[in-house]
Amino acid sequence: MLLGQTTVMNRRATFQGALCVLNSLQNNAGVLERLKARQDNPGVQFQAMQGFLHRTDITVGELDKLNIIHVTGTKGKGSTCAFIERILRNYGFRTGFYSSPHLVHVRERIRINGWPISKKIFNKYFWEVYERLEDTKDIHGGSMPFYFQLLTLLAFHVFQQERVDLAVIEVGIGGEYDCTNIIRNPWVCGVTSLGFDHCSLLGDTVEKIAWQKAGIFKPGVPAFTVRQQAGPLRVLQDRAEQIGCPLWVCPELDQYEAAIGPVSLGLAGKHQRLNASLALQLSYSWLQRHEAVQKGGLKETQWLGRNQTLRHGSVTYYLDGAHTTASIQACVRWFIQETLQRDQTRGPGLKILLFNTTGERDSASLLRLLVPCQFDYALFCPNITETPTDNTAQRSASVNVQHMLARCRTIQSSWQSLNTTEIIHRHLLTNCRSHSLVFPCIVSALQWINQGTELVSVPAGSKSSSWIPPPESTDKLREASHISVLVTGSLHLVGGVLKHLEPSLDS
């Protein structure tokens with residue numbers, strides 16, 4: 001055996017080798033070409049997914065046996081799926097759960113009985129799927145799946161091999177042409193609240209977006225949705241009728257409580273009541289052989305980075321990956337309510353915003369919704385935990401960081417402009433509170449927040465470990481009895497913060 005072949009085999013025996021191969025599928029130039037192809041002909045990648053499924057020796061009929069609960073929507077998909085999974089697990093069913101994106105590590109996306117699959121299981125099944133695809137690529141023009149496609153195939157393979165009783169599958173983007181829509185016969189489908197997101201792919205009106213989301217409906221398969229605006233609801237109903245899919249609008253959670261008493265939720269925020277109602281209906285479609293849905297699952301549900309509170313000494317972090325207009329509005333209501341209660345018990349504290357957005361999102365519009373929170377400081381940084389070191393292998397990454405920093409400075413300018421406008425014209429703020437700063441990475445922002453308290457640990461050799469905070473007026477930080485930090489605008493930003501606040505999540 002040649003030395004090079006031995007090296008490749010050794011790499012494939014490791015979890016890190018699997019991650020390197022997986023990550024290469026989202027960093028190569030072909031990804032950009034595929035995204036453009038998807039915009040020009042959105043059905044192309046969906047058709048490719050059918051071929052990839054066949055090459056991994058999984059049939060559509062075998063997918064049917066997974067008893068899939070398929071959930072799409074703009075806001076609340078992950079939370080709804082988390083509610084469903086917990087309810088059904090409480091009944092003793094062996095559950096599979098596929099979601100995206102991940103916050104700390106990629107194994108979060110594929111869960112068995114609520115837990116991310118282990119490194120050992122990930123490594124085993126990853127290479128089984130990848131090698132089947134690689135072995136057949138030559139007779140298929142060298143085609144290989146991109147990142148999300150491969151993870152979706154991996155999730156199906158894991159759930160099949162681990163013999164789950166049912167699988168809760170969260171749609172990635174849209175529905176009609178999403179990779180997960182390779183499913184032909186789910187048990188039930190759900191549509192959460194609709195709004196604007198990924199407009200370049202899904203359409204520039206809520207009605208167009210609703211059409212895409214309704215693409216997961218299947219003939220004869222029941223579907224449920226929450227209350228929607230009249231226009232998109234009509235689109236959902238029309239598509240359901242055309243497809244032959246019975247569609248129901250879920251009742252308000254208040255109606256359940258009138259019959260069974262108060263319902264407690266494990267996820268904070270008023271908007272979670274809509275998600276909980278949808279989860280109850282989707283769960284009941286599976287549990288209809290039982291007498292009633294168990295409320296305990298709702299109360300015990302946890303979902304990282306969504307209305308999540310973490311306390312570290314005098315600093316309380318409010319983590320919510322909201323990145324659309326409606327979800328930011330819900331986040332603001334939650335944060336104001338939470339900090340108002342805290343201030344009433346502990347006296348006025350400082351409020352800090354840590355924010356970033358990605359892609360095509362209109363950051364100025366989202367920031368405008370955050371102004372009423374009356375932040376003392378607004379911090380902006382790229383979605384990277386640490387700045388790359390200056391070695392040859394990471395020079396291209398350093399260039400990319402400079403682009404991300406430039407975007408952060410643009411976001412900062414929008415925030416400064418918004419706050420000046422609010423102070424002059426609306427008098428919402430009593431003084432010029434919102435000092436704004438741009439940081440090179442997440443760790444440097446966390447270090448600045450924790451001045452005078454316990455510092456966030458930084459890996460040895462990290463460029464950010466020697467970073468000196470800018471000479472701003474930070475006496476308030478050191479003197480504050482408590483500090484409330486809202487981290488929002490991007491799930492990737494929230495994930496980076498979680499990785500350092502809760503290192504155990506990576507194990």
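Author: Helices (H or I, at least four residues) and strands (E, at least two) are DSSP runs, numbered here from the N terminus. The model is predicted, so that local features need pLDDT of at least 70, side-chain atom pairs count only at pLDDT 80 or more, and totals for chains, interfaces and linings use all residues. Residues are numbered from 1 along each chain as its sequence is written, and side-chain values use heavy atoms, with hydrogens and water left out.

Reader: Which strands stand at the edges of the open sheet, each with a single partner strand?

Author: The open sheet has eight strands with mixed pairing, in the order S4-S3-S2-S5-S1-S6-S7-S8. An edge strand has a single partner, so one side of it is left without a neighbour in the sheet; the edge strands are S4 (115-116) and S8 (247-249).

Reader: At what angle does helix H6 run to strand S5?

Author: Axes are lines fitted to C-alpha atoms, for helices over the stretch in contact, and angles run from 0 to 180 degrees between N-to-C directions. Helix H6 (residues 77-90) lies across S1 (68-72), S2 and S5 (166-170). The angle of H6 to S5 is about 170°.

Reader: What angle does the direction of helix H11 make with that of S8?

Author: Helix H11 (residues 230-243) packs on the sheet, where it touches S6 (188-191), S7 (223-225) and S8 (a contact being heavy atoms within 4.5 Å). With the direction of S8, that of H11 makes an angle of about 155°.

Reader: How many residues of S5 are buried?

Author: Buried means under 20% relative accessible area, exposed over 50%, and partly exposed in between (1.4 Å probe, protein chains only). Leu166, Val168 and Glu170 point one way from S5, while Ala167 and Ile169 point the other way, and all are buried. S5 is therefore largely enclosed by the rest of the structure, the buried count being five of the five residues.

Reader: Which residue in S3 does Gly96 stand opposite?

Author: S2 (residues 95-98) and S3 (residues 110-112) pair in the antiparallel sense over three bridges. Within S3, the residue opposite Gly96 is Ile112.

Reader: Where is Pro101 found?

Author: The peptide bond from Ser100 to Pro101 is cis, with omega near -10°. As for its place, Pro101 lies in the loop between S2 and S3.

Reader: Is Asp57 buried or exposed?

Author: Asp57 is not a glycine, yet it has a positive phi of about 65°. It sits in the loop between helix H4 (43-55) and helix H5 (60-64). With a relative accessible area of 54%, Asp57 is exposed.

Reader: Where does Asn67 have its place?

Author: Asn67 likewise is not a glycine and has a positive phi, of about 55°. Its place is in the loop between H5 and S1.

Reader: What is the orientation of H4 and H8 to each other?

Author: The axes of H4 and helix H8 (residues 147-161) come within 11 Å and cross at roughly 40°. Angles under 35 degrees count as roughly parallel, over 145 as roughly antiparallel, 65 to 115 as roughly perpendicular and the rest as oblique. The two helices, H4 and H8, are therefore oblique.

Reader: How many nonpolar, polar and charged residues has the contact of H4 with H8?

Author: The contact is made by Gln45, Ala48, Met49, Phe52 and Leu53 of H4 and by Gln149, Thr152, Leu153 and Phe156 of H8. Ala, Val, Leu, Ile, Met, Phe, Trp, Tyr, Cys and Pro count as nonpolar, Asp, Glu, Lys and Arg as charged, and the others, Gly among them, as polar. By class, the contact of H4 with H8 has six nonpolar, three polar and no charged residues.

Reader: Which residue in S12 is the bridge partner of Phe355?

Author: Six of the six residues of S11 (residues 350-355) are buried, so S11 is largely enclosed by the rest of the structure. S11 runs parallel to S14 (residues 483-488), with six bridges, and Lys351 has Ser484 as its partner there. S11 also pairs with S12 (residues 377-380) in the parallel sense over four bridges. In S12, the bridge partner of Phe355 is Phe380.

Reader: What distance separates the C-alpha atoms of Ser417 and Ala364?

Author: Ser417 has its place in helix H17 (residues 395-426), and is partly exposed, with a relative accessible area of 44%. Ser417 and Ala364 are 53 residues apart along the chain, and their C-alpha atoms are separated by 9.4 Å.

Technical notes
Two strands pair if DSSP finds at least two bridges between them.
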